Protein chains: 2
Amino acid sequence: MTTNTYSIQQISEMTGLSAHTLRYYEKIGLLTEISRDLSGYRQYSDKDLSWIQFLIRLQETGMKISGRVRFAELRSQGESTISSRRELLESHRDEVHAQISKLLQNLKAIEDKIEIYKTMELDRNP
Amino acid sequence: MTTNTYSIQQISEMTGLSAHTLRYYEKIGLLTEISRDLSGYRQYSDKDLSWIQFLIRLQETGMKISGRVRFAELRSQGESTISSRRELLESHRDEVHAQISKLLQNLKAIEDKIEIYKTMELDRNP
DNA sequence: GCTTGCTTTAGAGCGCGCTCTAAACCTTAA
DNA sequence: TTAAGGTTTAGAGCGCGCTCTAAAGCAAGC
């Protein structure tokens with residue numbers, strides 16, 4: 001079994017989050033029980049890494065910090081919260097679907113406007 | 001020809017933007033040449049309305065205020081900027097495409113996690 | 001003429017999500 | 001043993017995009 005550990009800087013490079021942000025996430029409860037080495041430096045595990053990467057997906061799909069904190073709290077309470085976590089994710093999934101269809105509608109309107117501009121350009125340069 | 005005019009409150013109700021926000025948008029240059037009645041009250045036209053609605057689409061697709069201001073500046077310079085406006089929108093359209101595919105990727109990861117939770121629920125309640 | 005409710009302005013305030021600072025401590029190489 | 005560069009903490013600061021306040025003016029109904 002591989003038990004890799006990573007420094008805060010390595011995690012920063014792998015995730016694109018700054019070291020400042022990683023400490024901030026820990027402070028507000030998005031990351032819990034990050035272990036420390038003998039001199040008090042944070043040691044991130046592969047499990048920590050994939051959790052951070054999942055947090056980033058939640059963020060990128062528009063889940064606010066408060067929602068992510070709620071999810072992290074459930075996770076830190078162990079297996080008994082699996083159903084609540086599933087429900088939370090299902091509800092978020094529905095929001096992402098809505099988001100995507102809104103985006104597609106707006107995309108259509110933008111594309112329509114591009115076509116209008118093209119027509120206007122032809123009319124001005126016949 | 002119908003030349004409807006609308007009060008700031010009516011526009012607020014039609015667009016979902018607050019009156020405060022509408023004045024703010026004017027101050028920063030997103031809205032230009034909004035006409036006034038005899039007592040100095042703003043009178044929005046149908047053209048103003050549809051411009052505001054398009055601005056909202058740009059915002060909802062992630063274009064920042066600075067980008068929208070740039071677009072509004074081109075628009076206020078008249079027909080000679082049609083090509084620049086088309087290019088700006090084409091570049092934004094590409095960003096929206098990228099945004100949507102990122103969202104679809106993240107959606108997939110969320111759905112996978114939901115499935116994992118379902119399996120865990122079955123394992124705990126066999 | 002008074003009240004109610006709309007509108008105006010300039011400018012202050014705010015919530016979110018970081019981002020940075022300062023001062024101290026640790027590690028490694030020269 | 002010293003210098004360079006990584007890490008720690010508490011807490012301050014910041015940029016974005018609004019959001020609200022205060023004081024005044026205007027409109028319409030009683």
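Author: First a term: buried area is the accessible area (1.4 Å probe) that two parts lose on being put together, summed over both. Also, this is a predicted model, where local features need pLDDT of at least 70, side-chain atom pairs count only at pLDDT 80 or more, and totals for chains, interfaces and linings use all residues. Residues are numbered from 1 along each chain as its sequence is written, chains are lettered from A and ligands numbered from 1 in the order in which they are written, and side-chain values use heavy atoms, with hydrogens and water left out.

Reader: OK, how much area is buried between chain B and chain A?
Author: About 3,500 Å², and carbon and sulfur atoms give 70% of that. On the chain B side, Leu103(B), Ile110(B) and Tyr117(B) lose the most area to chain A, together 18% of what that side buries.

Reader: How many residues does the contact take from each chain?
Author: There are 36 from chain B and 36 from chain A, with contact meaning heavy atoms within 4.5 Å.

Reader: And how many salt bridges across that interface?
Author: The rule finds 5 between chain B and chain A; it asks for a side-chain nitrogen of Lys or Arg within 4 Å of a carboxyl oxygen of Asp or Glu. Arg124(B) and Glu79(A) form a salt bridge through their side chains, at 4.0 Å from N to O.

Reader: Which helix gives the most to chain B's side?
Author: H5(B), with 28 residues. Helices here are DSSP runs (H or I, at least four residues), numbered from the N terminus. That touching side of chain B divides into 15 nonpolar, 8 polar and 13 charged residues. For the classes, Ala, Val, Leu, Ile, Met, Phe, Trp, Tyr, Cys and Pro count as nonpolar, Asp, Glu, Lys and Arg as charged, and the others, Gly among them, as polar.

Reader: Switching topic: where do the domains of chain A run?
Author: Domain 1 covers 1–76 and domain 2 covers 81–126, with bounds from an automatic or database domain assignment. Their C-alpha centres lie 30 Å apart.

Reader: What do those two domains bury between them?
Author: About 780 Å², 76% of it on carbon and sulfur atoms. Thr61(A), Phe71(A) and Leu74(A) supply 62% of the area that domain 1 of chain A buries against domain 2, more than any other three residues.

Reader: How many salt bridges there?
Author: The count between domain 1 and domain 2 of chain A is 0.

Note on methods:
Helix = DSSP H or I, 4+ residues; strand = E, 2+ residues; numbered from the N terminus.
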